[in-house]
Amino acid sequence: MYPNTRMRRLRNNHRIRGMVSEYHVRPANLMLPLFVKEGLDEGEKAEVQSMPGVYQHSLDTLVTECREARDLGIPGVILFGIPKMKDAQGSEAYNPQGIIPRAIRRIKKELGDEILVACDVCLCEYTDHGHCAPIDGDQILNDEALELYSKAALEYARAGADIIAPSDMMDGRVGAIRRMLDDNGFKDVIIMSYAVKYASAFYGPFRDAAESGFSDGPDDRKSHQMDPSNFTQAVREAELDIKEGADIIMVKPALPYLDVIKELADRFHVPVAAYQVSGEYAMLKAAALKGWLDEKEAMMESVMSIRRAGATIILTYYAKEIARVIE
Ligand code: PBG
């Protein structure tokens, strides 16, 4: 063995390990996804069966979550709404009195600028068939959907949203939303696009949480979400979204797509966000509850890998727990 091959010198104690450590996860890099459900009583929240520790919230327990996030140094939340009424056009998504505009106004009233409010823009929680856009038989109607997303984005901006996050994966939606926001005086509202969203089995538990399984039309979202076997299109998707005006691009899920995160972070000069999705959370949670994994260690290692791949922002249901560990 050569004398200079002793790697252990740099690992022997926590001081030297700290000195050579290269990546850090800070609460300032985290966003907490939150579900708000219309029709729950004040003070009520319902635990999501496949996501222990994650809840569908009423307006006031939602504000409590936002307050806790703020106190832990988490700069932003991202909201998902579950409406009482669903129809073919997902009209509750862009109802000015709908659950998301009401939730935004409530958070802004109680917390003002102390937390950034991002809103997922999609129709799947709002359509009775459960798809992200209107459908005609087995066809997803891309172009018809753009106007509906733009209307939703405008209502969320009017209610006070700081960030609009389109997650539908229809072509042209970032440009359509940017135009709608700009034309109505919301030039400073940020667009964080789900630029590279794979058609993933890891969204399963989210569909419980958001009550967005499908009942009609195609059996999957493969006609618009990305094929896991493809990498080239990820670059093109990101390129197009940036051209159309995305300020932040997101990759989703995170852990199975670290290569994609790395590529976009190296290639583009916009912040890259990564979404550690419901299934990633559920996997860790389930193993931890069985005593098969050390939850804290596995959680921290997962988010560190996402940071190391190059994500600046990490959306994770573990945001509060991570922030507590870091403190
Ligand atoms: C809405 C949307 C989904 C997720 C975020 N926004 C579900 C889907 O596309 O099926 C998934 C998030 C998660 O799994 O945590 N389109």
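Modeller: Helix α10 (residues 295-309) and helix α11 (residues 319-326) pack at an angle of about 100°, and their axes lie 11 Å apart. The model is predicted, so local features need pLDDT of at least 70 and side-chain atom pairs count only at pLDDT 80 or more, while totals for chains, interfaces and linings use all residues. Residues are numbered from 1 along each chain as its sequence is written, and side-chain values use heavy atoms, with hydrogens and water left out.

Colleague: Why is α10 called roughly perpendicular to α11?

Modeller: Angles of 65 to 115 degrees count as roughly perpendicular. The angle here is about 100°, and therefore α10 is roughly perpendicular to α11.

Colleague: Which residues make that contact?

Modeller: On α10 they are K296, M299, M300 and V303, and on α11 they are E321, I322, V325 and I326; contact means heavy atoms within 4.5 Å. By class, the contact has 6 nonpolar, no polar and 2 charged residues.

Colleague: What makes T61 count as buried?

Modeller: Buried means under 20% relative accessible area. T61 has 12% relative accessibility, and therefore counts as buried. T61 is found in helix α2 (residues 59-71), and touches G43, E44 and K45, not counting residues up to four places away in sequence.

Colleague: What makes a polar contact of the pair formed by the side chains of T61 and H57?

Modeller: A polar contact is a pair of N or O atoms within 3.5 Å; within protein, one must be able to donate a hydrogen and the other to accept it, and residues adjacent in sequence count only if both atoms are side-chain atoms. The side chains of T61 and H57 make such a contact at 2.8 Å.

Colleague: How do you know that the length of helix α3 agrees with its number of residues?

Modeller: The expected span is 1.5 Å times one less than the number of residues. For the 13 residues of α3 (residues 99-111) that gives 18 Å, and the end C-alpha atoms are 18 Å apart, so the two agree. The buried residues of α3 include I99, I104 and L111, and among the elements that cover its buried residues are β1 (30-37) and α4 (142-159).

Colleague: Why is H129 called buried?

Modeller: The relative accessible area of H129 is 5%, so H129 is buried. H129 lies in the loop between β5 and β6 (135-136), and its side chain reaches the backbone oxygen of A88 at 3.1 Å. H129 and G213 are 84 residues apart in sequence, with 8.2 Å between their C-alpha atoms.

Notes
Axes are lines fitted to C-alpha atoms, for helices over the stretch in contact, and angles run from 0 to 180 degrees between N-to-C directions. Helices (H or I, at least four residues) and strands (E, at least two) are DSSP runs, numbered from the N terminus. Angles under 35 degrees count as roughly parallel, over 145 as roughly antiparallel, 65 to 115 as roughly perpendicular and the rest as oblique. Ala, Val, Leu, Ile, Met, Phe, Trp, Tyr, Cys and Pro count as nonpolar, Asp, Glu, Lys and Arg as charged, and the others, Gly among them, as polar. Buried means under 20% relative accessible area, exposed over 50%, partly exposed in between (1.4 Å probe, protein chains only).
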